[in-house]
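Reader: I have a model open and would like to go through it with you. Can you take me through the helices, the sheet and the holes?

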Amino acid sequence: MKILFFADLHLRSISDRPKWRIDDHYTTQFNELNEIRDIAAENNVDVIISLGDLFDHTRVSHQLVSDVLRWAQTSPCAIYSIVGNHDVNAYVTSDHNNGLGVLFESGIIHQLDELVWPLPKIIIRGIHVYLDPKQGNYMFDEKYKDYFKIIASHNFIIPHVVPFDAVLPSQVQTNADVILLGHYHKAFQHLEGKTTFINPGSISRWAINEQHQPQVFILDTATRVISVVQLKSSLLATEIFDMVGAAEMKATEMNLQTFVDSLENTNFENIDIEKVILTEGRKQGIIKEVVDIALAKVQLAKVELK
């Protein structure tokens with residue numbers, strides 16, 4: 001059996017283009033979907049698995065859902081998905097009153113809970129997203145001892161320490177042969193004991209620091225070989241992001257922080273704050289855009305304090 005898996009598509013509606021993207025984002029994401037379908041057909045894949053966050057929001061356009069359904073109907077094999085945090089509200093994975101729920105109700109894309117093939121002895125368990133990444137049953141019953149055991153999870157399991165709530169592979173109690181992971185957008189492969197942890201990285205690149213080339217993985221359960229296929233339809237980061245605009249904004253943010261720091265020891269009690277900002281701005285040669293941002297923040301603060 002061959003299983004194609006990918007993670008974190010974060011599909012968006014036409015009107016919801018990610019910040020800094022300059023390409024036709026809606027078209028790009030379906031070019032990538034079409035290539036995934038073609039890769040599955042060319043490699044005689046038996047099952048396609050999405051590792052969560054198929055959609056970027058719970059409230060997406062009817063057109064987006066319809067287009068995904070039409071795409072899924074052309075798939076050469078069955079498509080399954082686990083539930084990601086972006087697919088639902090407040091981590092309530094049982095709530096299907098959303099775009100992903102429509103796909104599940106259609107019967108064209110299926111919710112991955114647990115799939116069992118007595119022959120050739122393969123089991124795949126889906127573990128949907130949890131607020132606590134330590135949750136989820138990663139242990140299989142003794143009756144599956146001789147099975148090739150696969151977990152598909154949308155939780156933060158990461159092979160290095162990160163500044164947010166996550167678990168290390170060594171902290172996961174499991175007897176699975178392979179654990180496929182989404183949620184964390186950076187790809188990795190990690191062997192912990194007898195278990196291989198694999199994250200293909202996100203297909204979506206909605207943040208300007210995500211400059212990787214999207215890819216899908218194909219797992220051959222007979223040979224246990226995992227192949228990596230980069231998506232040719234995915235444009236280079238320099239082709240999809242406004243790199244110049246982002247650099248200018250970063251410089252503006254740094255200038256703003258420097259300007260704010262220079263006012264740290266100023267006593268603002270009973271003085272005209274806007275006047276101080278304008279005066280100091282001219283004195284320090286701060287560009288107009290930075291001064292305008294500082295003024296806007298002060299005016300917003302005054303409104304909120306009323």
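Author: Start with helix H3 (residues 99-106), which lies across strand E3 (78-81) and E4 and runs at about 105 degrees to E4. Helices (H or I, at least four residues) and strands (E, at least two) are DSSP runs, numbered from the N terminus. Axes are lines fitted to C-alpha atoms, for helices over the stretch in contact, and angles run from 0 to 180 degrees between N-to-C directions.

Reader: Before we go on, what sort of model is this?

Author: This is a predicted model: local features need pLDDT of at least 70, side-chain atom pairs count only at pLDDT 80 or more, and totals for chains, interfaces and linings use all residues. Residues are numbered from 1 along each chain as its sequence is written, and side-chain values use heavy atoms, with hydrogens and water left out.

Reader: Back to H3. At what angle do H2 and H3 pack?

Author: Helix H2 (residues 62-73) packs on H3 at about 35 degrees, and their axes are 10 Å apart.

Reader: Which residues meet there?

Author: From H2, Val65, Val68 and Leu69; from H3, Gly99, Val102, Leu103 and Ser106. Contact here means heavy atoms within 4.5 Å. Five residues of this contact are nonpolar, two are polar and none is charged. Ala, Val, Leu, Ile, Met, Phe, Trp, Tyr, Cys and Pro count as nonpolar, Asp, Glu, Lys and Arg as charged, and the others, Gly among them, as polar.

Reader: Now the sheet. What is the strand order?

Author: E4-E3-E2-E1-E11-E12, six strands in an open sheet with mixed pairing. Two strands pair if DSSP finds at least two bridges between them. Strand E4 (109-111) and strand E12 (225-230) are the edges, each pairing on one side only.

Reader: How many bridges join E11 and E12?

Author: Six, in the antiparallel sense, with E11 covering residues 215-220. Ile218 has Ser227 in E12 as its bridge partner.

Reader: And which strands does H1 touch?

Author: Helix H1 (residues 25-42) packs on the sheet and touches strand E1 (2-6), strand E2 (47-50), E11 and E12. The direction of H1 makes about 165 degrees with that of E1.

Reader: Different topic. Which residues line the largest cavity?

Author: Leu9, His10, Arg21, His25, Thr28, Gln29, Glu32, Ile203, Ser204 and Arg205. By class, two of the lining residues are nonpolar, five polar and three charged.

Terms used:
On a 1 Å grid over the protein atoms alone, a cavity is a set of points where a 1.4 Å probe fits but cannot get out, and a pocket is an open set with protein on both sides within 12 Å along at least five of seven lines; lining residues have an atom within 4 Å of a point.
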